[in-house]
Amino acid sequence: MDQIGTFGASPYQVEDLQLFAGTNAETTARALADCAIVRLPLGARVADSYRARLYIVLRGALDVEADTSSGLNDGTVSKILPGESVGEQAVLDDTANLFAITASEESELLVIEAELVWRLIDESNGLARNLLRLLSFRIRAANALLRRRQKLGEFYRQLSLNDSLTGLYNRAWLNDMLPKMIATAQRNGAPLSLVMIDLDHFKRFNDTHGHPAGDDALRAASDVVAAALRPTDFAVRYGGEELMVILPDTNEQLALMVAERLCWRLQEAVVFGDMRLPLPHITGSFGVACLAPGENEDALVARADAALYRAKQDGRNRVAV
Ligand SMILES: Nc1nc2c(ncn2[C@@H]2O[C@H](COP(=O)(O)OP(=O)(O)OP(=O)(O)O)[C@@H](O)[C@H]2O)c(=O)[nH]1
(Lines give C-alpha, C1' and ligand atoms only; values in the text may rest on other atoms or scores of the structure.)
Protein backbone atom coordinates (compact mmCIF):
# COMPACT_ATOMS: atom_id res chain seq x y z
CA MET A 1 0.00 0.00 0.00
CA ASP A 2 2.15 2.89 -1.29
CA GLN A 3 1.33 6.53 -0.76
CA ILE A 4 1.26 8.15 -4.19
CA GLY A 5 0.24 11.67 -3.22
CA THR A 6 -2.25 13.77 -1.34
CA PHE A 7 -5.85 14.68 -2.06
CA GLY A 8 -4.98 18.35 -2.54
CA ALA A 9 -2.47 17.55 -5.29
CA SER A 10 -4.70 14.98 -7.04
CA PRO A 11 -7.25 15.46 -9.82
CA TYR A 12 -10.04 14.01 -7.62
CA GLN A 13 -12.87 16.33 -6.53
CA VAL A 14 -14.88 16.50 -3.29
CA GLU A 15 -17.98 16.05 -5.49
CA ASP A 16 -16.68 12.54 -6.33
CA LEU A 17 -16.98 11.48 -2.65
CA GLN A 18 -20.41 10.21 -1.57
CA LEU A 19 -19.83 10.93 2.09
CA PHE A 20 -19.26 14.64 1.42
CA ALA A 21 -22.24 15.16 -0.91
CA GLY A 22 -24.04 18.38 -0.03
CA THR A 23 -21.19 19.75 2.11
CA ASN A 24 -19.32 22.93 1.33
CA ALA A 25 -16.89 21.64 -1.31
CA GLU A 26 -14.32 24.34 -0.81
CA THR A 27 -14.03 23.95 2.97
CA THR A 28 -14.01 20.15 2.69
CA ALA A 29 -11.33 20.22 -0.03
CA ARG A 30 -9.16 22.35 2.22
CA ALA A 31 -9.64 19.98 5.16
CA LEU A 32 -8.83 16.94 3.03
CA ALA A 33 -5.90 18.51 1.17
CA ASP A 34 -3.17 16.76 3.19
CA CYS A 35 -4.91 13.36 3.35
CA ALA A 36 -2.88 10.57 1.79
CA ILE A 37 -3.83 8.79 -1.38
CA VAL A 38 -2.51 5.23 -1.50
CA ARG A 39 -2.31 2.76 -4.36
CA LEU A 40 -3.30 -0.87 -3.85
CA PRO A 41 -2.37 -3.46 -6.47
CA LEU A 42 -4.95 -6.11 -7.40
CA GLY A 43 -5.42 -8.58 -4.54
CA ALA A 44 -3.52 -6.45 -1.99
CA ARG A 45 -4.95 -6.09 1.46
CA VAL A 46 -5.44 -2.79 3.29
CA ALA A 47 -2.48 -3.45 5.51
CA ASP A 48 -3.01 -1.09 8.43
CA SER A 49 -6.63 -1.99 9.05
CA TYR A 50 -5.76 -2.31 12.74
CA ARG A 51 -6.25 1.47 12.95
CA ALA A 52 -9.55 3.31 12.99
CA ARG A 53 -9.49 5.07 9.63
CA LEU A 54 -11.87 5.92 6.88
CA TYR A 55 -11.00 4.77 3.36
CA ILE A 56 -12.69 6.21 0.30
CA VAL A 57 -12.27 4.45 -3.03
CA LEU A 58 -11.18 6.95 -5.67
CA ARG A 59 -10.46 4.43 -8.40
CA GLY A 60 -10.85 0.63 -8.64
CA ALA A 61 -12.85 -1.39 -6.10
CA LEU A 62 -12.52 -3.01 -2.70
CA ASP A 63 -13.91 -6.28 -1.37
CA VAL A 64 -14.84 -6.14 2.30
CA GLU A 65 -15.39 -9.40 4.14
CA ALA A 66 -17.91 -9.68 6.97
CA ASP A 67 -16.56 -8.99 10.46
CA THR A 68 -13.83 -11.57 11.07
CA SER A 69 -13.71 -10.92 14.83
CA SER A 70 -17.20 -12.11 15.68
CA GLY A 71 -16.94 -15.58 14.16
CA LEU A 72 -19.90 -14.64 11.95
CA ASN A 73 -17.82 -14.45 8.80
CA ASP A 74 -19.72 -16.69 6.40
CA GLY A 75 -18.00 -15.59 3.22
CA THR A 76 -20.28 -12.62 2.62
CA VAL A 77 -18.30 -9.96 0.74
CA SER A 78 -19.45 -6.42 -0.01
CA LYS A 79 -18.02 -4.40 -2.86
CA ILE A 80 -16.97 -0.78 -2.33
CA LEU A 81 -16.93 1.19 -5.56
CA PRO A 82 -15.46 4.60 -6.49
CA GLY A 83 -16.87 7.38 -4.29
CA GLU A 84 -17.91 4.93 -1.57
CA SER A 85 -16.25 4.52 1.79
CA VAL A 86 -15.42 1.85 4.33
CA GLY A 87 -14.41 2.20 7.97
CA GLU A 88 -17.02 4.73 9.17
CA GLN A 89 -18.14 2.46 11.97
CA ALA A 90 -14.56 1.83 13.10
CA VAL A 91 -14.02 5.58 13.32
CA LEU A 92 -17.27 6.20 15.19
CA ASP A 93 -16.73 3.56 17.85
CA ASP A 94 -12.95 3.88 17.82
CA THR A 95 -12.14 0.27 17.03
CA ALA A 96 -9.90 -1.15 14.37
CA ASN A 97 -11.26 -2.21 10.98
CA LEU A 98 -11.39 -5.85 11.88
CA PHE A 99 -12.71 -7.05 8.56
CA ALA A 100 -10.44 -7.98 5.70
CA ILE A 101 -10.35 -5.31 3.01
CA THR A 102 -8.79 -6.27 -0.33
CA ALA A 103 -8.48 -4.60 -3.69
CA SER A 104 -10.52 -6.50 -6.28
CA GLU A 105 -8.69 -4.50 -8.96
CA GLU A 106 -5.85 -1.99 -8.85
CA SER A 107 -7.22 0.81 -6.70
CA GLU A 108 -6.52 4.25 -5.32
CA LEU A 109 -7.83 5.11 -1.87
CA LEU A 110 -8.17 8.31 0.08
CA VAL A 111 -7.19 7.72 3.70
CA ILE A 112 -8.82 9.92 6.34
CA GLU A 113 -7.59 9.61 9.92
CA ALA A 114 -10.22 9.27 12.65
CA GLU A 115 -9.36 12.64 14.26
CA LEU A 116 -10.03 14.46 11.01
CA VAL A 117 -13.34 12.65 10.47
CA TRP A 118 -14.45 13.80 13.95
CA ARG A 119 -13.36 17.35 13.26
CA LEU A 120 -15.30 17.33 9.99
CA ILE A 121 -18.38 15.94 11.74
CA ASP A 122 -18.15 18.81 14.26
CA GLU A 123 -17.88 21.33 11.46
CA SER A 124 -20.33 19.95 8.94
CA ASN A 125 -23.96 18.98 9.47
CA GLY A 126 -23.96 17.66 5.91
CA LEU A 127 -21.26 15.10 6.66
CA ALA A 128 -23.01 14.04 9.90
CA ARG A 129 -26.25 13.55 7.97
CA ASN A 130 -24.52 11.54 5.23
CA LEU A 131 -22.84 9.36 7.83
CA LEU A 132 -26.14 8.69 9.62
CA ARG A 133 -27.80 7.77 6.34
CA LEU A 134 -24.93 5.45 5.43
CA LEU A 135 -24.95 3.76 8.83
CA SER A 136 -28.70 3.30 8.69
CA PHE A 137 -28.27 1.64 5.29
CA ARG A 138 -25.50 -0.61 6.67
CA ILE A 139 -27.66 -1.62 9.66
CA ARG A 140 -30.53 -2.53 7.35
CA ALA A 141 -28.17 -4.59 5.17
CA ALA A 142 -26.74 -6.33 8.26
CA ASN A 143 -30.26 -7.08 9.53
CA ALA A 144 -31.26 -8.51 6.18
CA LEU A 145 -28.15 -10.70 6.24
CA LEU A 146 -29.01 -11.92 9.76
CA ARG A 147 -32.56 -12.72 8.71
CA ARG A 148 -31.26 -14.68 5.70
CA ARG A 149 -28.88 -16.60 7.98
CA GLN A 150 -31.67 -17.30 10.46
CA LYS A 151 -33.89 -18.61 7.68
CA LEU A 152 -31.07 -20.77 6.35
CA GLY A 153 -30.36 -22.06 9.86
CA GLU A 154 -34.03 -22.90 10.31
CA PHE A 155 -34.07 -24.62 6.92
CA TYR A 156 -31.10 -26.84 7.83
CA ARG A 157 -32.54 -27.50 11.28
CA GLN A 158 -35.76 -28.68 9.64
CA LEU A 159 -33.77 -30.79 7.20
CA SER A 160 -31.96 -32.50 10.03
CA LEU A 161 -35.18 -33.21 11.96
CA ASN A 162 -37.45 -34.33 9.13
CA ASP A 163 -37.31 -37.46 7.06
CA SER A 164 -36.65 -36.53 3.44
CA LEU A 165 -38.92 -39.18 1.88
CA THR A 166 -42.04 -38.70 3.97
CA GLY A 167 -41.61 -35.26 5.57
CA LEU A 168 -42.43 -36.80 8.96
CA TYR A 169 -40.15 -36.25 11.94
CA ASN A 170 -37.12 -38.54 11.97
CA ARG A 171 -35.35 -40.59 14.62
CA ALA A 172 -33.04 -37.72 15.61
CA TRP A 173 -36.13 -35.65 16.43
CA LEU A 174 -37.69 -38.56 18.29
CA ASN A 175 -34.58 -39.23 20.37
CA ASP A 176 -34.56 -35.60 21.40
CA MET A 177 -38.27 -35.01 21.95
CA LEU A 178 -39.79 -38.24 23.26
CA PRO A 179 -37.88 -38.22 26.59
CA LYS A 180 -38.91 -34.57 27.09
CA MET A 181 -42.58 -35.32 26.34
CA ILE A 182 -42.51 -38.31 28.65
CA ALA A 183 -40.90 -36.29 31.45
CA THR A 184 -43.59 -33.62 31.06
CA ALA A 185 -46.37 -36.21 31.08
CA GLN A 186 -44.92 -37.94 34.16
CA ARG A 187 -44.51 -34.62 35.98
CA ASN A 188 -48.08 -33.52 35.24
CA GLY A 189 -49.58 -36.97 35.72
CA ALA A 190 -50.99 -36.62 32.18
CA PRO A 191 -51.59 -39.60 29.90
CA LEU A 192 -49.46 -40.09 26.76
CA SER A 193 -49.84 -42.87 24.20
CA LEU A 194 -47.71 -44.29 21.42
CA VAL A 195 -48.85 -46.04 18.27
CA MET A 196 -46.26 -48.08 16.37
CA ILE A 197 -47.19 -48.75 12.76
CA ASP A 198 -45.57 -51.26 10.40
CA LEU A 199 -46.72 -51.58 6.81
CA ASP A 200 -47.78 -55.14 5.99
CA HIS A 201 -45.91 -57.36 3.54
CA PHE A 202 -43.99 -54.37 2.33
CA LYS A 203 -41.21 -56.48 0.91
CA ARG A 204 -43.80 -58.17 -1.31
CA PHE A 205 -45.18 -54.74 -2.28
CA ASN A 206 -41.71 -53.62 -3.36
CA ASP A 207 -41.05 -56.89 -5.17
CA THR A 208 -44.38 -56.70 -7.05
CA HIS A 209 -44.54 -52.99 -7.88
CA GLY A 210 -40.93 -51.88 -7.69
CA HIS A 211 -39.02 -49.85 -5.14
CA PRO A 212 -40.15 -46.41 -6.43
CA ALA A 213 -43.78 -47.52 -6.04
CA GLY A 214 -42.82 -48.67 -2.54
CA ASP A 215 -41.59 -45.14 -1.87
CA ASP A 216 -44.92 -43.77 -3.15
CA ALA A 217 -46.75 -46.12 -0.84
CA LEU A 218 -44.66 -45.00 2.12
CA ARG A 219 -45.39 -41.39 1.28
CA ALA A 220 -49.11 -42.14 0.91
CA ALA A 221 -49.14 -43.94 4.27
CA SER A 222 -47.33 -41.03 5.91
CA ASP A 223 -49.79 -38.54 4.41
CA VAL A 224 -52.70 -40.57 5.72
CA VAL A 225 -51.20 -40.65 9.20
CA ALA A 226 -50.21 -36.97 9.25
CA ALA A 227 -53.62 -35.84 7.96
CA ALA A 228 -55.54 -37.84 10.56
CA LEU A 229 -53.85 -36.39 13.64
CA ARG A 230 -54.61 -33.42 15.91
CA PRO A 231 -52.15 -30.52 15.73
CA THR A 232 -50.81 -31.59 19.12
CA ASP A 233 -49.93 -35.13 17.93
CA PHE A 234 -46.68 -36.07 16.22
CA ALA A 235 -45.92 -38.49 13.40
CA VAL A 236 -42.43 -39.95 13.06
CA ARG A 237 -40.73 -42.19 10.55
CA TYR A 238 -39.30 -44.67 13.00
CA GLY A 239 -37.41 -46.81 10.50
CA GLY A 240 -37.75 -48.25 6.96
CA GLU A 241 -41.50 -48.98 6.74
CA GLU A 242 -42.20 -48.33 10.38
CA LEU A 243 -43.97 -45.18 11.56
CA MET A 244 -44.78 -43.96 15.04
CA VAL A 245 -47.45 -41.64 16.34
CA ILE A 246 -47.08 -39.83 19.66
CA LEU A 247 -50.36 -38.79 21.25
CA PRO A 248 -49.89 -36.45 24.22
CA ASP A 249 -52.81 -36.12 26.66
CA THR A 250 -54.33 -39.31 25.28
CA ASN A 251 -55.32 -42.37 27.30
CA GLU A 252 -55.28 -45.94 26.01
CA GLN A 253 -58.94 -45.99 25.05
CA LEU A 254 -58.63 -42.84 22.92
CA ALA A 255 -55.32 -44.03 21.44
CA LEU A 256 -57.05 -47.26 20.38
CA MET A 257 -59.71 -45.24 18.59
CA VAL A 258 -57.04 -43.18 16.82
CA ALA A 259 -55.17 -46.35 15.78
CA GLU A 260 -58.40 -47.97 14.50
CA ARG A 261 -59.14 -44.85 12.47
CA LEU A 262 -55.61 -44.83 11.00
CA CYS A 263 -55.81 -48.55 10.20
CA TRP A 264 -59.05 -48.08 8.33
CA ARG A 265 -57.88 -44.95 6.47
CA LEU A 266 -54.65 -46.66 5.44
CA GLN A 267 -56.37 -49.51 3.67
CA GLU A 268 -58.52 -46.98 1.81
CA ALA A 269 -55.51 -44.88 0.76
CA VAL A 270 -54.78 -44.30 -2.92
CA VAL A 271 -51.15 -45.09 -3.55
CA PHE A 272 -50.97 -43.97 -7.16
CA GLY A 273 -52.68 -40.85 -8.41
CA ASP A 274 -52.77 -42.38 -11.91
CA MET A 275 -56.09 -44.23 -12.02
CA ARG A 276 -55.18 -46.12 -15.21
CA LEU A 277 -52.80 -48.25 -13.15
CA PRO A 278 -54.11 -51.18 -11.15
CA LEU A 279 -54.67 -49.94 -7.61
CA PRO A 280 -52.42 -51.63 -5.14
CA HIS A 281 -53.47 -51.25 -1.55
CA ILE A 282 -51.42 -51.06 1.55
CA THR A 283 -52.35 -52.06 5.02
CA GLY A 284 -50.57 -51.68 8.31
CA SER A 285 -50.36 -53.33 11.69
CA PHE A 286 -50.68 -51.12 14.76
CA GLY A 287 -49.38 -51.51 18.31
CA VAL A 288 -50.71 -49.18 21.03
CA ALA A 289 -49.19 -48.51 24.44
CA CYS A 290 -50.07 -45.90 27.05
CA LEU A 291 -47.43 -44.52 29.39
CA ALA A 292 -47.39 -46.19 32.81
CA PRO A 293 -46.35 -44.28 35.96
CA GLY A 294 -42.55 -44.17 36.27
CA GLU A 295 -42.04 -45.67 32.79
CA ASN A 296 -39.28 -44.32 30.53
CA GLU A 297 -39.22 -44.02 26.73
CA ASP A 298 -37.40 -47.31 26.09
CA ALA A 299 -39.92 -49.31 28.10
CA LEU A 300 -42.86 -47.53 26.47
CA VAL A 301 -41.52 -48.08 22.94
CA ALA A 302 -40.81 -51.73 23.77
CA ARG A 303 -44.44 -52.23 24.88
CA ALA A 304 -45.79 -50.54 21.73
CA ASP A 305 -43.45 -52.76 19.69
CA ALA A 306 -44.67 -55.89 21.48
CA ALA A 307 -48.29 -54.87 20.76
CA LEU A 308 -47.37 -54.36 17.10
CA TYR A 309 -45.85 -57.84 17.02
CA ARG A 310 -49.13 -59.27 18.35
CA ALA A 311 -51.07 -57.40 15.64
CA LYS A 312 -48.80 -59.02 13.01
CA GLN A 313 -49.20 -62.45 14.63
CA ASP A 314 -52.97 -62.10 14.72
CA GLY A 315 -53.16 -61.60 10.96
CA ARG A 316 -52.00 -57.99 10.21
CA ASN A 317 -54.18 -55.01 9.13
CA ARG A 318 -55.31 -54.62 12.72
CA VAL A 319 -54.66 -52.91 16.05
CA ALA A 320 -53.38 -54.56 19.22
CA VAL A 321 -52.69 -53.21 22.72
N1 LIG B 1 -39.64 -48.68 -1.19
C2 LIG B 1 -39.12 -48.65 0.02
N3 LIG B 1 -39.01 -49.78 0.72
C4 LIG B 1 -38.51 -49.76 1.96
C5 LIG B 1 -38.04 -48.56 2.53
N6 LIG B 1 -37.60 -48.83 3.76
C7 LIG B 1 -37.77 -50.17 3.96
N8 LIG B 1 -38.32 -50.74 2.86
C9 LIG B 1 -38.62 -52.13 2.61
O10 LIG B 1 -39.56 -52.61 3.53
C11 LIG B 1 -39.44 -54.02 3.54
C12 LIG B 1 -39.67 -54.53 4.93
O13 LIG B 1 -39.71 -55.91 4.85
P14 LIG B 1 -39.88 -56.84 6.10
O15 LIG B 1 -39.23 -56.24 7.30
O16 LIG B 1 -39.41 -58.21 5.67
O17 LIG B 1 -41.39 -56.86 6.42
P18 LIG B 1 -42.65 -56.95 5.51
O19 LIG B 1 -42.35 -57.48 4.16
O20 LIG B 1 -43.32 -55.61 5.55
O21 LIG B 1 -43.51 -58.00 6.26
P22 LIG B 1 -44.30 -57.80 7.62
O23 LIG B 1 -43.76 -56.63 8.34
O24 LIG B 1 -44.08 -59.07 8.37
O25 LIG B 1 -45.73 -57.62 7.25
C26 LIG B 1 -38.06 -54.37 3.02
O27 LIG B 1 -38.18 -55.01 1.77
C28 LIG B 1 -37.42 -53.01 2.83
O29 LIG B 1 -36.59 -52.96 1.69
C30 LIG B 1 -38.13 -47.38 1.73
O31 LIG B 1 -37.76 -46.28 2.14
N32 LIG B 1 -38.66 -47.45 0.51
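Aspartate 233 counts as buried, at 8% relative accessibility, where buried means under 20% relative accessible area, exposed over 50%, and partly exposed in between (1.4 Å probe, protein chains only). Its salt-bridge partner is arginine 230, with the closest N and O atoms 2.7 Å apart; a salt bridge here is a side-chain nitrogen of Lys or Arg within 4 Å of a carboxyl oxygen of Asp or Glu. Arginine 230, for its part, is partly exposed, with a relative accessible area of 35%. This is a predicted model, in which local features need pLDDT of at least 70 and side-chain atom pairs count only at pLDDT 80 or more, while totals for chains, interfaces and linings use all residues. Residues are numbered from 1 along each chain as its sequence is written, and side-chain values use heavy atoms, with hydrogens and water left out.

Now for the overall picture. The protein has 9 helices and 13 strands, taken as DSSP runs numbered from the N terminus (helices H or I, at least four residues; strands E, at least two). Of its 321 residues, 44% count as buried. The accessible surface comes to about 17000 Å², and 53% of that belongs to carbon and sulfur atoms; areas come from the Shrake-Rupley method with a 1.4 Å probe, and for residues only the protein chains shown count as cover.

Setting aside neighbours within four places in sequence, valine 195 touches Leu243, Met244, Val245, Leu247, Ala255, Ala259, Phe286, Gly287 and Val288. Valine 224, found in helix 7, is buried, with a relative accessible area of 15%. With neighbours within four places again left out, valine 224 is in contact with Leu262, Arg265, Leu266 and Ala269. The pair valine 224 and alanine 269 is 45 residues apart in sequence but 7.1 Å apart in space, C-alpha to C-alpha.

As for cysteines, the structure holds 0 disulfides, counted as pairs of cysteine sulfur atoms within 2.5 Å. Cysteine 35 is buried, with a relative accessible area of 8%, and cysteine 290 also counts as buried, at 14% relative accessibility.

Over to the surface. Leu152, Phe155, Tyr156 and Leu159 form a nonpolar patch, with about 440 Å² of accessible area together. Phenylalanine 155 sits in helix 4 (residues 125–161) and is partly exposed, with a relative accessible area of 48%.

Back to the charged side chains. The count comes to 16 salt bridges. In one of them, the side chains of lysine 180 and aspartate 176 meet at 3.0 Å, N to O. Both lie in helix 5 (residues 171–188), 4 residues apart, about one turn of the helix. Lysine 180 counts as partly exposed, at 46% relative accessibility, and so does aspartate 176, at 40%.

Helix 7 holds a further pair: arginine 219 and aspartate 216 are 3 residues apart there, separated by about one helical turn. Their salt bridge has its closest N and O atoms 3.0 Å apart. Arginine 219 is partly exposed, with a relative accessible area of 33%, and aspartate 216 counts as partly exposed at 28% relative accessibility. Finally, Arg39, Arg59, Glu106 and Glu108 are linked in a network of salt bridges.

Notes
Contact means heavy atoms within 4.5 Å. Patches are made of residues with over 30% relative accessible area and no salt bridge: like charges are joined within 9 Å, nonpolar side chains (Val, Leu, Ile, Met, Phe, Trp, Tyr) within 5 Å.
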